[in-house]
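This report describes selected local features of one protein model. Please read it alongside the sequence and the coordinates.

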Amino acid sequence: MKAETSLPASGTARRSVVVIANDALTIRIVRAVFRSAEKSVDCLSSCELGGVDLAVALLAAADDPRQMALIHMSLDGADLEMAQQLRLRGFNGPIIALTNEENHNAYIEAGVDGFLRTPVQPHALLALVEKHL
């Protein structure tokens, strides 16, 4: 498992935002946006994590009520399953889908709280994170 964390700016509280993506580009973009705003983020690759179960376990085990999951979604089922399993295992934090899909009904049924179209626009990402944290 590989998790990368940037440090919060001095004097700021740690915001627990976890990005789960299966591609390095999404992780690099999100990390750059958070760095530019002097916010911290943990980026996890679902491929490196070994799939849905480990990612769900990592997030559901956290007791931090500020924790938020940003999941790069596709309708192949695995990402929807991750959102469903997070909810079933008691994860109460916001789940935000990063997606280019138009139909959000399946995501809503899976327990997703918000959506952000890809490619990610920095101002939209930061606004959505601020809204849900």
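Phenylalanine 115 is partly exposed, with a relative accessible area of 24%; buried means under 20%, exposed over 50%, and partly exposed in between, using a 1.4 Å probe and protein chains only. The model is predicted: local features need pLDDT of at least 70, side-chain atom pairs count only at pLDDT 80 or more, and totals for chains, interfaces and linings use all residues. Residues are numbered from 1 along each chain as its sequence is written, and side-chain values use heavy atoms, with hydrogens and water left out.

A search of the whole structure gives one aromatic pair. Its members are tyrosine 107 and phenylalanine 115, in a tilted arrangement with 5.9 Å centre to centre and 45 degrees between the planes. Rings of Phe, Tyr and Trp (its six-membered ring) pair if their centres lie within 6.5 Å; planes under 30 degrees apart count as stacked, over 60 as edge-to-face, and the rest as tilted. Tyrosine 107 is buried, at a relative accessible area of 0%.

The structure also holds one salt bridge, defined as a side-chain nitrogen of Lys or Arg within 4 Å of a carboxyl oxygen of Asp or Glu. Aspartate 113 and arginine 87 form the bridge, and their closest N and O atoms are 2.5 Å apart. This pair links distant parts of the chain, 26 residues apart: aspartate 113 is in the loop between α5 (105-110) and β6, and arginine 87 is in helix α4 (residues 78-88). Helices (H or I, at least four residues) and strands (E, at least two) are DSSP runs, numbered from the N terminus.

| Residue | Relative accessible area | Class |
|---|---|---|
| Tyrosine 107 | 0% | buried |
| Phenylalanine 115 | 24% | partly exposed |
| Aspartate 113 | 41% | partly exposed |
| Arginine 87 | 25% | partly exposed |
| Histidine 72 | 17% | buried |

Histidine 72 belongs to strand β4 (residues 68-72). Beyond its neighbours within four places in sequence, histidine 72 is in contact with Ile20, Ala21, Asn22, Asp23, Thr26, Asp79, Leu98 and Thr118, where contact means heavy atoms within 4.5 Å. Most peptide bonds are trans. Proline 119 lies in the loop between β6 (114-117) and α6 (122-132).

Strand β5 (residues 95-99) is mostly covered, five of its five residues being buried. Ile95, Ala97 and Thr99 point one way from β5, while Ile96 and Leu98 point the other way. In a regular strand the side chains alternate between the two faces of the sheet.

Two strands pair if DSSP finds at least two bridges between them. β4 and β5 pair in the parallel sense over four bridges, and leucine 70 stands opposite isoleucine 96 in β5. Four bridges also join β5 to β6, which run parallel; here leucine 98 stands opposite leucine 116 in β6.

In helix α6, the buried residues are Leu125, Leu126, Leu128 and Val129. Seen down the helix axis, the buried residues of α6 fall within an arc of 160 degrees, so they line one face; the arc is that of the directions from the helix axis to the C-beta atoms. These buried residues pack against β2 (17-21), α1 (24-36), β4, β5 and β6. The face of α6 turned away from the buried side carries the exposed residues His123 and Lys131.
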